Amino acid sequence: MARHHLVTGGAGFVGSHVVAALLAQGDRVSVFDDLSTGHRAAVLPGAELVVADLADAAALEAVFASARFDTVFHFAALSLVGDSMRQPLPYLRNNIGNGLALIDAAVRHGVQRFVLSSTAALFGRPSGGPIAENEVVDPGSPYGESKAALERALAWAGRIHGLRSAILRYFNAAGADPAGRLGEDHRPETHLIPLVIDAALGRRDAIAVFGTDYDTPDGTCIRDYIHVTDLATAHLLALDRLSHGSVTYNLGNGAGHSVRDVIRAVARIGGRTVPHRLDARRPGDPARLVAASGLIRAETGWQPRYADLDAIVAHAWAWREAHPLGYRGDMPPSV
Ligand code: UFG
């Protein structure tokens, strides 16, 4: 019988790509999403969509009562580092409160496996060099703090209730479905690659480079960009690995690219110049976040297919160019 998974935030950027991968392997998927940042059109046909808020206890109970889920995948969260520095308490309340309610419901309803979307934002002051799973967790933002709290909660749910968890700490998710069905559509968009593409396409004035005085070779922040489809594959492999017990994996390509590198890659792929201006640092941004992902490679055989920054940018460019209105352009006028 096909496995049946509950995916919170399955209408969002990473969640929708994981749903696509689960459907492709023949699994059943129920998406639970309030569509506050996700999109109906990002839920591929074949998945069921329950439009509800995780803070709605009755809706959460109803979905767990409606089916026996093999796994809960939890993506639904507020996810912007900079935003969380401006409104820390809503971030902590939403992400920790809703996450705990979900873990509690999963345990009460006998779910055996839980996959958490976690983050490199756990590492606020990394010691330098690629970051492995044993790096000290020391969040530099309330967003990172909220994910650290859920990681700890899952450790206790595992110890006391036997819930198995896969904690996947993404570095910078980017790119788009290579088949062109799904892409990145945040409103407002705050992520570097889509904003640089918009500047190159003339859809915005100029991209602001946040900080040029970091202790990095060109003075701008370094990040490890990972293709969203490679992230999706990692979720499937981590899920299978749960038969051996709970896992925590850092997920990146192990290559660092500066903000200026990204601007150059977009100019190269798009064949356009990218208008940009130098700006102040954005609070909460560490200088350098690069993953050591040897553990997931060794334990699951995970191999990124699109590790190259140009491949990531090319897919992001293709989707953004084809969808000037994002998913809004995919909606029938009556919806
Ligand atoms: N940046 C700019 N100008 C912009 C936007 C971003 O210079 O207009 C810079 C940022 O300062 C940062 C880099 O580009 O140095 C990447 O910024 P993003 O906003 O694209 O991504 P973040 O690194 O802030 O955060 C992302 C996810 C988080 C996750 C984190 C982990 O949004 O959820 O990666 O590394 F926690």
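The model is predicted: local features need pLDDT of at least 70, side-chain atom pairs count only at pLDDT 80 or more, and totals for chains, interfaces and linings use all residues. Residues are numbered from 1 along each chain as its sequence is written, and side-chain values use heavy atoms, leaving out hydrogens and water. An open parallel sheet has 7 strands. An open mixed sheet has 3 strands.

**Parallel sheet**

- The strand order is β3-β2-β1-β4-β5-β6-β11. Strands (E, at least two residues) and helices (H or I, at least four) are DSSP runs, numbered from the N terminus. Two strands pair if DSSP finds at least two bridges between them.
- β3 (48–51) and β11 (247–251) are the edge strands, and each pairs on one side only.
- From one strand to the next, the twist averages 15 degrees. Axes are lines fitted to C-alpha atoms, for helices over the stretch in contact; angles run from 0 to 180 degrees between N-to-C directions.
- β1 (residues 4–8) pairs with β2 (residues 28–33) in the parallel sense, over 5 bridges. Opposite H5 stands V29 in β2.

**Helices on the sheet**

- Helix α1 (residues 13–24) packs on the sheet and touches β1, β2, β4 (71–74) and β6 (164–170). Contact means heavy atoms within 4.5 Å. The direction of α1 makes about 165 degrees with that of β2.
- Helix α5 (residues 142–161) lies across β4, β5 (113–119) and β6. The helix α5 runs at about 155 degrees to β5.

**Ligand site**

- An oxygen atom of the ligand is 2.6 Å from an N or O atom in the side chain of D285.
- Backbone atoms also take part: a ligand oxygen is 2.9 Å from a polar backbone atom of F210, and a ligand oxygen is 3.0 Å from a polar backbone atom of S79.
- The ligand has 680 Å² of accessible area on its own, and the protein covers 93% of it. Accessible areas come from the Shrake-Rupley method with a 1.4 Å probe.

**Mixed sheet**

- The order is β12-β9-β14. β12 (257–258) and β14 (288–289) stand at the edges with a single partner strand each, so one side of each has no neighbour in the sheet.
- β9 (residues 222–223) and β14 run parallel, joined by 2 bridges. R223 stands opposite L289 in β14.

**Backbone features**

- Most residues other than glycine have a negative phi, and most peptide bonds are trans.
- L35 has a positive phi, near 60 degrees. L35 is in the loop between β2 and β3.
- R187 and P188 are joined by a cis peptide bond, with omega about -5 degrees. P188 sits in the loop between β7 (172–174) and α6.

Terms used:
A polar contact is a pair of N or O atoms within 3.5 Å; within protein, one must be able to donate a hydrogen and the other to accept it, and residues adjacent in sequence count only if both atoms are side-chain atoms.
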